[in-house]
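Colleague: I'm new to this one. Could you take a close look at a single part for me, and then link it to the rest?

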Amino acid sequence: MYFRTKLLILRFLVMIMERNEGLKRVLAQLARRNTGRALTELHNFFAAWPRPQAEGEMDALMAEYQTMTHYWRHGYKDPQLMENYELLLHRTYRLYADTSLWRRIGSSPFVSTTYSNLILQSREWSVANVRQEMETFVSDVAMVELAPANKQDERRVELYARHQQQMSLLFDYIWTSRQWSDATAAAFEEMLLSPTIDNRDQQLLVSAVTLSLINTFDFVKFRMLVNVYRQSADELVRQRALVGWVLGRNYTLSSVFPEELQLVNSLLEDEEVQKELAELQIQMIYTVNAESDHQKIQSEIMPDILKHNNFRITRHGIEEVEDDPLEDILHPEADDERMEKVEESFRKMVDMQKQGSDIYFGGFSQMKRFSFFRQISNWFMPFTLNHPEVVETMKRLHSNRFLQQLLATGPFCNSDKYSFVFAFSQVLERVPQNLREMLERGEASMGEIPEEEIHTPTYIRRMYLQDLYRFFRLFPYAAQFDHPFQTDGELGHVLFFASPLFKGTALERHFDKVATMLLRQKRYLDEERLLRNYSEEHQGYMYWMAKATTWSRGKSAMPEQEVLKAVRECYEEALRLQPDSEKARQGLARTLFACKQYDEAIGLYDKLIEANPTKKNYELNRAVCLTNVGRYEEARNTLYRMNYEAPDDLNVLRVLAWTLTGEGKYEQALPMYERLTSDDGYVADDFLNQGYCLWFAGQDIAGAVKSFRRYLTEAEASADQVMENERELLERKGITEPEMQMMLDAISS
């Protein structure tokens, strides 16, 4: 029985994979604009997995295409051929997209249950009826104020409960909807822009359209979101529409729908749109860093906060720790010091938040198990105290000023506010009495956001992105949706600036800002993707600097010398554009050193020292270059001065010791190596260089062997490779081939 069940599951998985591959072949032909082959692939797909409701449209499309090719084969010039072919291509895509949705419904119990529930509803889904329901709700809410005072609360609760049920069903209807007609999209667009519809309903509908668009591209829905973004007077609706069309874009299908490119290009004529897209790109990168930011908070910040506060967390709740009277006598300043450390830790989190980090994701990710979040629409519902599942809870907490203030101006996204209400109601009784009273009076704070900032597009967009990210990461059935925030080591779809959709557009003038951020986060593969999207006219200073860093820090299959050559060319181009750039000159000097072109590197370090006389690293690097070209005396003079000025600087001592070794002053160098290798700040190379010094001195070969062995252990290096790297120096010092081989044998034995 076990093996039979396992075999059935395996067959089911294979069937799903084959079905998916069949649809991928259809999509590939559509992307090539080959309607005939796309229809053939669809026909083959339906032969393997019949879909009776699609047979009529499939037969009609095949017949029209055959008629078109029949006249073409007989030399008939149809003046409407281009228009007819485009129409047929779009209709074929529509059939593919609806079939893809049908496949998703059939292969997912969650989507299937949602879809079946909609069918069972006796509701009229016409756009006119939907609009009437939403407008009636607005007028009914207004009429509640005219009801007797003792009836208003009851009537309001009843209204919101019924409306919430209607909107949840409508949300499910939209995200599971097939391809829309132009008329349907126009009607929904009108609703989303109408002042007679509640703006919370409009926001919720935009999110439903976004989910539908993410799963299956629908140009009509895409265009509708672009239009809402352009025209909406409500910033909350407008920003959701912006995020929606960006996440729902599909450049692969721009050959089928060239209007997508035209729409985007027309948008980008507006500099404000460019600015918002640049902000959105940076915000999306911060959004997907939520979990790594949480790890940083857990490992670096929270331990300090817990260590220095006056409470401890137990399984029975939060307990206050009594002050030690003896501590007050012996260390009267201790309280102030503790408070300063707690405040410093909080400031670190505030700084992260100001930069755009989602610092609350980790904490609130544990609060998404309430039954409230089983309903998909609730993840996207703008926060309201009138939500049917919040009303009863708020009746008990309505006097708590801390909660009221936090819900009004707290730094939380909508879904976190709902989480906080439910969690707060559960833990409030376990909080110490004095702290509970403080919360009631509103004396506690969670870093409230200024009122003027809350209404800015930047803040609105950030909160919505957090709502979206929580849904795709924490909703139990999120796997049934194409994940727009999936990174898998790279930013993938998140880095929309790397999409060919934006190449050659006015948006390129903002690429540098994103490139800088990617470098700061050491995302070199993503940086490389973005750099490929620069058109030649926008390849300025920042482009070449970013490319140099990507080449040198990223992983390349090219030989090292070719990589170094490419890096050098990048820095040279950057210097050509900005001749006084310290960073470009420093990068080029470092690259020349790696290429063993020390004389050229010395010339660059001379210029760097002249322009930046206080930066000692440039002098030190120049001294290293001097030793590599045999100018030991010049290097030694510089290093003696630097060692005198900073006797505890081990890097200076390290270079000085090697300079003296190269110059043959072994007796002076050896005490320096003794100090370096006995100091806690030693590096593996100190043992290697000590070994060479002892060997060259010729008086302690056993000591040299010991130092070499220590180096190989520390650096996990190969003795043969180490010897080969310094062959030129060894020969210059009179070390013969037999001596090299005997040393290798001694090290290995």
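Modeller: Let's start with lysine 522, which counts as exposed because its relative accessibility is 59%, over the 50% cut-off. Keep in mind that this is a predicted model. Lysine 522 sits in the loop between α24 (511-520) and α25 (524-531). Its backbone is worth a look too: phi of lysine 522 is near 60°, a positive value in a residue other than glycine. Most residues other than glycine have a negative phi.

Arginine 33 also has a positive phi, near 65°. You'll find arginine 33 in the loop between α1 (2-31) and α2 (35-48). With 26% relative accessibility, arginine 33 is classed as partly exposed.

Now for the inside. The largest nonpolar core holds 204 residues, and Trp245, Leu277 and Phe485 have the most contacts within it. Helix α13 (residues 271-288) gives this core its largest share, nine residues. Leaving out residues up to four places away in sequence, the neighbours that tryptophan 245 touches include Phe222, Tyr229, Leu277 and Phe502. There's also a second, separate core of five residues, with Cys413, Ile449, Ile454 and Met463 among them.

Last, a helix pair. Helix α18 (residues 388-397) packs against helix α20 (residues 414-427) at an angle of about 50°, and their axes are 10 Å apart. That angle is why α18 and α20 count as oblique to each other, and their crossing is left-handed. Where they meet, α18 brings residues including Val390, Met394 and Leu397, while α20 brings Tyr418, Val421 and Phe422, among others. The residues of this contact split into seven nonpolar, two polar and two charged.

Terms used: Residues are numbered from 1 along each chain as its sequence is written. This is a predicted model: local features need pLDDT of at least 70, side-chain atom pairs count only at pLDDT 80 or more; totals for chains, interfaces and linings use all residues. Side-chain values use heavy atoms; hydrogens and water are left out. A nonpolar core is a set of buried Ala, Val, Leu, Ile, Met, Phe, Trp, Tyr and Cys residues joined through side-chain atoms within 4.5 Å. Buried means under 20% relative accessible area, exposed over 50%, partly exposed in between (1.4 Å probe, protein chains only). Helices (H or I, at least four residues) and strands (E, at least two) are DSSP runs, numbered from the N terminus. Contact means heavy atoms within 4.5 Å. Axes are lines fitted to C-alpha atoms, for helices over the stretch in contact, and angles run from 0 to 180 degrees between N-to-C directions. Angles under 35 degrees count as roughly parallel, over 145 as roughly antiparallel, 65 to 115 as roughly perpendicular and the rest as oblique. A crossing is left-handed if the near helix is turned anticlockwise from the far one by less than a right angle, and right-handed if clockwise. Ala, Val, Leu, Ile, Met, Phe, Trp, Tyr, Cys and Pro count as nonpolar, Asp, Glu, Lys and Arg as charged, and the others, Gly among them, as polar.
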